[in-house]
Amino acid sequence: MAVYFLVKGKQKTEGKIIINGAKNSAVALLPAALLTEETVKIDNLPQITDIDKLLNIIRLLGASVSSPGDHSLSINGANVNSFSPSGLLVNQLRASYYLMGSLLGRFGRVEIPMPGGCDLGPRPIDQHIKGFSAMGAKVEMDHGLMKVFAKELRGAHIYLDLVSVGATINIMLAAVKAEGKTIIENAAREPEIVDVANFLNAMGAQVRGAGTDVIKIKGVKKLHAVEYSVIPDRIEAGTFMIAAAATGGDLVVEGVIPKHLEPVTAKLKEVGVEVETGPDYLRVVGREKISPCDVKTFPYPGFPTDLQPHMVVLLTKAPGISLVTENVFERRFCHIDELRKMGAQITLEGRTAIIEGGSELSSASLKAMDLRGGAAFIIAALMANGETVINDVKYIDRGYERIEERFQEVGVSVQRIEEK
Ligand code: EPZ
């Protein structure tokens with residue numbers, strides 16, 4: 001069945017949107033829940049396909065999962081009896097790599113294929129492995145299966161060669177029940193890392209320093225039940241903020257932690273968009289004319305790579321030259337060719353997109369190729385003349401909960417069409 005979005009152009013996003021729970025935190029909390037045999041309740045979970053897939057893997061491992069409410073789940077991992085998650089499912093999402101840390105922490109072993117996920121260029125996991133090895137685990141590759149096992153996981157002093165969200169979280173998961181103290185230096189500082197640390201601490205772990213580049217973890221014998229609510233998704237929030245800026249709308253993005261969005265707020269102000277910051281909301285008032293600017297993506301608190309495609313789209317509206325440099329992933333520019341189909345004047349030089357902005361976008365038939373690039377196409381389509389088709393919306397569904405309905409809430413026409 002072909003599923004695509006049909007987006008009417010020349011529309012402004014207006015009104016209010018309440019932001020869902022953070023995908024990149026939620027996908028780590030579910031594997032983390034397997035570190036205890038007691039029941040863990042997680043609220044404010046986004047309803048996205050990455051979560052559905054992860055839950056399928058967790059169920060197949062033997063955990064029982066129940067859903068007491070729309071956005072909440074209870075997980076009990078007492079009957080988890082396998083350290084070998086289904087290869088077929090693991091291949092479907094990146095975040096399945098968190099099962100390495102959690103199953104290793106729980107059983108001292110895990111057998112898992114390389115994780116899948118969006119194609120953003122090479123995505124090695126050498127830093128994850130380096131951390132597990134430093135803690136005394138042996139790692140063997142056997143017919144595409146990674147076998148990681150340790151008689152006893154011991155705390156270790158680990159210096160990450162590069163700042164990695166996944167490696168930082170995975171090492172935290174393996175270390176919370178290891179013998180002794182683990183120190184992660186050059187740790188990532190993303191809000192989702194703080195969220196995972198808070199979750200683990202609420203279960204009885206001793207993790208200190210999350211949110212800084214040195215995280216210290218003192219291993220404990222046992223973790224216990226917890227009820228926890230996921231932080232708001234700064235990337236979903238940023239998506240709607242940039243949509244308002246790009247369409248000249250007036251939108252209140254509510255239920256956010258404004259501090260998490262400072263890099264986005266700063267860039268929007270730089271191009272001339274008005275942003276009002278409240279205690280838990282950001283109001284974005286777009287302008288007909290905006291100024292060009294340069295953007296460089298970096299780990300938090302730098303400008304997020306996950307909003308780079310949206311920013312490229314916004315800057316097609318700014319008369320003059322803007323440079324957008326992608327420093328986190330080697331090849332996260334597959335949206336550029338599609339945007340050119342809409343008339344965007346963009347050239348690529350290495351890791352920098354050179355955008356000659358100011359001319360109007362026109363409708364086209366596009367193909368989403370990754371989660372964030374796909375969402376950015378919706379913004380481009382709202383700016384364009386005419387009606388745009390966005391195919392392969394499965395990529396967008398991985399990380400945005402019913403995005404078409406969310407856009408409808410803010411007054412624009414984005415329709416999901418399912419053709420048999
Ligand atoms: C997480 O990916 C997010 N995914 C990504 O979100 C996000 O773009 C990224 O962090 C950066 O913020 C999840 O949380 C599930 P990294 P991750 O390890 O952990 C290199 C989205 O759209 N690297 O911080 O895979 C790596 O290749 C997704 O929501 C190594 O070389 O990112 C990249 O260049 C996409 N060796 C850089 O580090 C390693 O062992 C940062 O990657 C690990 C990473």
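**Around the ligand**

A polar side-chain atom of Tyr97 sits 2.6 Å from an oxygen atom of the ligand; a polar contact here is a pair of N or O atoms within 3.5 Å. Asp306 also uses its side chain, with an N or O atom 2.5 Å from an oxygen atom of the ligand. Gly166 comes in with its backbone instead, an N or O atom of which lies 2.9 Å from a ligand oxygen atom. On its own the ligand would expose 830 Å², and the protein buries 90% of that (accessible areas by the Shrake-Rupley method with a 1.4 Å probe).

A quick word on the ground rules. This is a predicted model, where local features need pLDDT of at least 70 and side-chain atom pairs count only at pLDDT 80 or more, while totals for chains, interfaces and linings use all residues. Residues are numbered from 1 along each chain as its sequence is written, and side-chain values use heavy atoms, with hydrogens and water left out.

Now for the whole shell. The ligand is surrounded by 24 residues, each with a heavy atom within 4 Å of it; Tyr97 and Asp306 are among the closest, along with Lys23, Ser164 and Val328. By class, you'll find eleven nonpolar, six polar and seven charged residues, with Gly counted as polar and Tyr as nonpolar.

Where do they come from? Domain 1 (2–20 + 232–419) and domain 2 (23–229) each supply at least three residues, with the bounds taken from an automatic or database domain assignment. Helix H5 gives the most, with three residues (helices are DSSP runs of H or I, at least four residues, numbered from the N terminus).

Conventions: Polar contact = N/O pair within 3.5 Å; in protein donor to acceptor, adjacent residues only side chain to side chain. Helix = DSSP H or I, 4+ residues; strand = E, 2+ residues; numbered from the N terminus.
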